[in-house]
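Student: Could you walk me through this model with a few questions and answers? I would like to see how each answer is reached.

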Amino acid sequence: MISVLQNVAIDCADPYELARFWSAVTGRPLDPDSAPGDRETQVLLGEGPVLYFNQVPETKTTKNRIHLCLRPDTSRDQEVERLLGLGATLVNDLRNDDGSGWAVLADPEGNEFCVLRSDSDRAAMSL
């Protein structure tokens, strides 16, 4: 017997607005039945699990124990700038002068996530 990963649940104050942010990050659609004010919604990632946003009364107070890591299809640095423009904040810049490393960002409700090097960034380092 096994278990199949159904979703990645993210507790938040405003599920619809946070899902809209993550929809823009991933380029994937919101559940078509979603509407402002819903207590839960999700971003449909295609195959596999979904990002599920659930309204909770308490605010985030400490570092995430589990977080998402993103590998962009453009350069890592371009993606960091795009995500900052969408409303993310830079939490910790762990990028190195040689091009290695990653950036830790937070979504509009403070949930941390990482932006890794893209495949093209990694290929350029191996030259």
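Tutor: Happy to! A nonpolar core is a set of buried Ala, Val, Leu, Ile, Met, Phe, Trp, Tyr and Cys residues joined through side-chain atoms within 4.5 Å. Keep in mind that this is a predicted model.

Student: Which element supplies the largest share of the largest nonpolar core?

Tutor: That core has 20 residues, and Trp22, Val43, Phe53, Leu83, Leu105 and Phe113 have the most contacts inside it. At least two of its residues come from each of β1 (7-12), α1 (15-26), β3 (50-55), α2 (76-86), β6 (101-106) and β7 (112-115). With 6 residues, the largest share belongs to α1.

Student: Is Thr41 buried or exposed?

Tutor: Thr41 sits in strand β2, which spans residues 40-43. Beyond its neighbours within four places in sequence, Thr41 is in contact with Pro15, Tyr16, Ala19, Asp31, Ser34, Leu51, Tyr52 and Phe53. Its relative accessibility is 5%, and the cut-off for this class is under 20%. Therefore Thr41 counts as buried.

Student: Which residues does Val43 contact, leaving aside neighbours within four places in sequence?

Tutor: Val43 is among the residues with the most contacts inside the core. With those sequence neighbours left aside, the contacts of Val43 are Ala19, Trp22, Ser23, Thr26, Arg28, Pro29, Leu30, Val50, Leu51 and Phe53.

Student: Which strands stand at the edges of the open sheet of 4 strands?

Tutor: The order in this sheet is β4-β7-β6-β5, and the pairing is mixed. Two strands have a single partner each, so one side of each has no neighbour in the sheet. These edge strands are β4 (68-70) and β5 (89-95).

Student: At about what angle does α2 run to β6?

Tutor: First, the sheet itself: its neighbouring strands are turned by 20 degrees against each other on average, direction ignored. Helix α2 lies across β4, β5, β6 and β7. Its angle to β6 is about 5 degrees.

Student: Which element gives the largest share of the lining of the largest pocket?

Tutor: The largest pocket holds about 530 Å³ of space. Its lining has 25 residues, with Ile10, Asp11, Lys60, Asn64 and Asn111 nearest its centre. Both β1 and β7 supply at least two lining residues. The largest share, 5 residues, comes from β1.

Note on methods
Residues are numbered from 1 along each chain as its sequence is written. This is a predicted model: local features need pLDDT of at least 70, side-chain atom pairs count only at pLDDT 80 or more; totals for chains, interfaces and linings use all residues. Side-chain values use heavy atoms; hydrogens and water are left out. Buried means under 20% relative accessible area, exposed over 50%, partly exposed in between (1.4 Å probe, protein chains only). Contact means heavy atoms within 4.5 Å. Two strands pair if DSSP finds at least two bridges between them. Axes are lines fitted to C-alpha atoms, for helices over the stretch in contact, and angles run from 0 to 180 degrees between N-to-C directions. On a 1 Å grid over the protein atoms alone, a cavity is a set of points where a 1.4 Å probe fits but cannot get out, and a pocket is an open set with protein on both sides within 12 Å along at least five of seven lines; lining residues have an atom within 4 Å of a point. Grid points are joined across faces, edges and corners, and a volume is the space filled by probe spheres set on the points.
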